[in-house]
Amino acid sequence: MLAAGKYGEFRDLRDDRIYRTIKIGTQVWMAQSLSYFKDVHAIDTCSSRVCEYDWAQVMDIASSYNDVSAASVINPVHQGICPIGFHVPTNAEFQTLYNYVTNQKALSSVTTELNSSSAWKTKTGDDEFDD
């Protein structure tokens with residue numbers, strides 16, 4: 001089992017990319033941004049390190065749902081474009097992550113603790129949960 005604060009890795013079988021994972025509290029999260037090109041259109045929004053997806057692309061549903069309710073096509077645990085074994089985090093899962101980090105660090109801003117100190121435009125993170 002992956003130890004808290006230590007990196008694991010997995011291979012995305014769709015494109016053979018290897019990603020790091022990290023355990024924070026009781027949860028395992030991707031430690032790197034997804035960079036998966038599902039279709040040719042997505043390549044326009046991808047660099048060598050990361051892709052920028054709109055909400056419908058993340059959820060792997062029609063782009064028309066960016067403007068209308070998608071409640072009828074979203075599952076409670078929704079895989080979207082996530083690799084096999086992962087899914088788009090739910091609000092409850094984000095809340096669990098937030099609660100764990102704030103309990104560990106008594107934070108007013110969780111994002112500083114979870115952001116990387118590199119690869120972000122603002123470079124405001126401190127890699128606190130890295131090894």
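User: Which residue forms a salt bridge with Arg11, and what makes the pair a salt bridge?

Analyst: The partner is Asp16, whose closest approach to Arg11 is 3.3 Å between N and O atoms. A salt bridge needs a side-chain nitrogen of Lys or Arg within 4 Å of a carboxyl oxygen of Asp or Glu, and the 3.3 Å between Arg11 and Asp16 therefore meets the definition. The model is predicted, and so local features need pLDDT of at least 70 and side-chain atom pairs count only at pLDDT 80 or more, while totals for chains, interfaces and linings use all residues. Residues are numbered from 1 along each chain as its sequence is written, and side-chain values use heavy atoms, with hydrogens and water left out.

User: How many salt bridges does the whole structure hold, and which other residues take part?

Analyst: A search of the whole structure gives 3 salt bridges. Besides the pair of Arg11 and Asp16, Arg14 meets Asp12 at 2.7 Å from N to O, and Asp15 meets Arg17 at 3.5 Å. In general, side chains of opposite charge can pair when their charged atoms come close.

User: Is Asp12 called buried or exposed, and how do you know?

Analyst: Asp12 has a relative accessible area of 2%. Buried means under 20%, exposed over 50% and partly exposed in between, with a 1.4 Å probe and protein chains only, so Asp12 is buried.

User: Why are Arg11, Asp15 and Arg17 called partly exposed?

Analyst: Arg11 has a relative accessibility of 41%, Asp15 a relative accessible area of 29%, and Arg17 one of 28%.

User: Why is the pair of Phe10 and Tyr19 called stacked?

Analyst: Rings of Phe, Tyr and Trp (its six-membered ring) pair if their centres lie within 6.5 Å, and planes under 30 degrees apart count as stacked, over 60 as edge-to-face and the rest as tilted. The structure holds 3 aromatic pairs. In the pair of Phe10 and Tyr19, the ring centres are 5.6 Å apart and the planes stand at 25°, so the pair is stacked. Phe10 and Tyr19 also form one aromatic cluster with Phe86.

User: What makes the largest nonpolar core a core, and which residues belong to it?

Analyst: A nonpolar core is a set of buried Ala, Val, Leu, Ile, Met, Phe, Trp, Tyr and Cys residues joined through side-chain atoms within 4.5 Å. The largest one has 12 residues, among them Phe10, Tyr19, Ala70 and Phe86. A second, separate core of 5 residues includes Ile22, Ile24, Trp29 and Val101. Phe10 is buried at 15% relative accessibility, and Tyr19 is buried at 3%. In soluble globular proteins, nonpolar side chains tend to be buried together.

User: Where is Gln57, and why does its approach to Asp54 count as a polar contact?

Analyst: Gln57 lies in helix α2, residues 55-59, and at 18% relative accessibility it counts as buried. Its side chain reaches the backbone nitrogen of Asp54 at 2.8 Å. A polar contact is a pair of N or O atoms within 3.5 Å; within protein, one must be able to donate a hydrogen and the other to accept it, and residues adjacent in sequence count only if both atoms are side-chain atoms. The 2.8 Å between Gln57 and Asp54 is therefore within the limit.

Technical notes. Helices (H or I, at least four residues) and strands (E, at least two) are DSSP runs, numbered from the N terminus.
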